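The sequence and structure are shown first.

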Amino acid sequence: MSWYHKYSSAVWFFCAIFLALLLIFIIRKCFTRRYPYQAIPILTKREYRFYFMLRREADRRNLIICPKVGLKDLIGVTAKKNYRKYFYPIAQKHVDFVICDQSLRVLFVIELDDSSHDTKDARKRDHFKDQAFRAAKIPLKRIRDFDEDSVRDLFR
């Protein structure tokens, strides 16, 4: 009797086990999606410092601060005919802070500007936001350098 006949069932058994494990590995690899995402802080260090000053003033007035709110969540498109034309420009933009009353009615929005707003493209985006909020009748307030007094002035 040759070695093949003597060990063939054992060889086939280990081949079957190997193929089964390989198949399980391939199935798991193909059907388990791995997304390239990780959690990041919602605010930059500068925005966080501003937020604490803002919160002191908002708390004094019993108001709510909502950070990083999308324009599409604040502004509705009224044009039915060209809806997409007007929706797409607001779909991917946000404002830094929204100040609301206790019933979550928007009182005004705040953009915390810095040197990144000095470029031509940034000024164009800022102008668009200014016009969009003006059309929606929501006050947009911009602040660049801040201290306790300038934050307090936002609420006047």
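Just after α4, K137 takes a positive phi of about 60°. The model is predicted, and local features need pLDDT of at least 70, side-chain atom pairs count only at pLDDT 80 or more, while totals for chains, interfaces and linings use all residues. Residues are numbered from 1 along each chain as its sequence is written, and side-chain values use heavy atoms, with hydrogens and water left out.

Helices (H or I, at least four residues) and strands (E, at least two) are DSSP runs, numbered from the N terminus. Helix α4 covers residues 120-136, and its 17 residues should span 24 Å at 1.5 Å a residue; the end C-alpha atoms are 24 Å apart, which agrees. The expected span is 1.5 Å times one less than the number of residues.

The buried residues of α4 are A122, D126, K129, A132 and F133. They cover an arc of only 125° around the axis, which puts them on the same side of α4. That arc is taken from the directions from the helix axis to the C-beta atoms. Buried means under 20% relative accessible area, exposed over 50%, and partly exposed in between (1.4 Å probe, protein chains only). On the face turned away from the buried side, α4 carries the exposed residues K120, K124, R134 and A135. The cover over the buried residues of α4 includes β2 (94-100), β3 (106-112) and β4 (140-143).

The largest pocket holds about 370 Å³ of space. It is lined by 16 residues, of which E47, D96, L112, S116 and H117 are the closest to its centre. Two or more lining residues come from each of α2, β2, β3 and α4, and α4 gives the most, with four. A pocket is an open set of points on a 1 Å grid over the protein atoms alone, where a 1.4 Å probe fits, with protein on both sides within 12 Å along at least five of seven lines; lining residues have an atom within 4 Å of a point. The volume is the space filled by probe spheres set on the points, which are joined across faces, edges and corners.

E47 lies in helix α2 (residues 45-60). Leaving aside neighbours within four places in sequence, E47 is in contact (heavy atoms within 4.5 Å) with I42, K68, D96, F97 and L112. R156 is found in the segment after α5 (148-154).

Two residues with side-chain polar contacts (N or O atoms within 3.5 Å, one able to donate a hydrogen and the other to accept it; residues adjacent in sequence count only if both atoms are side-chain atoms) are set out below.

| Residue | Relative accessibility | Side-chain partner and distance |
|---|---|---|
| E47 | 9%, buried | K68, 3.3 Å |
| R156 | 66%, exposed | D153, 2.7 Å |
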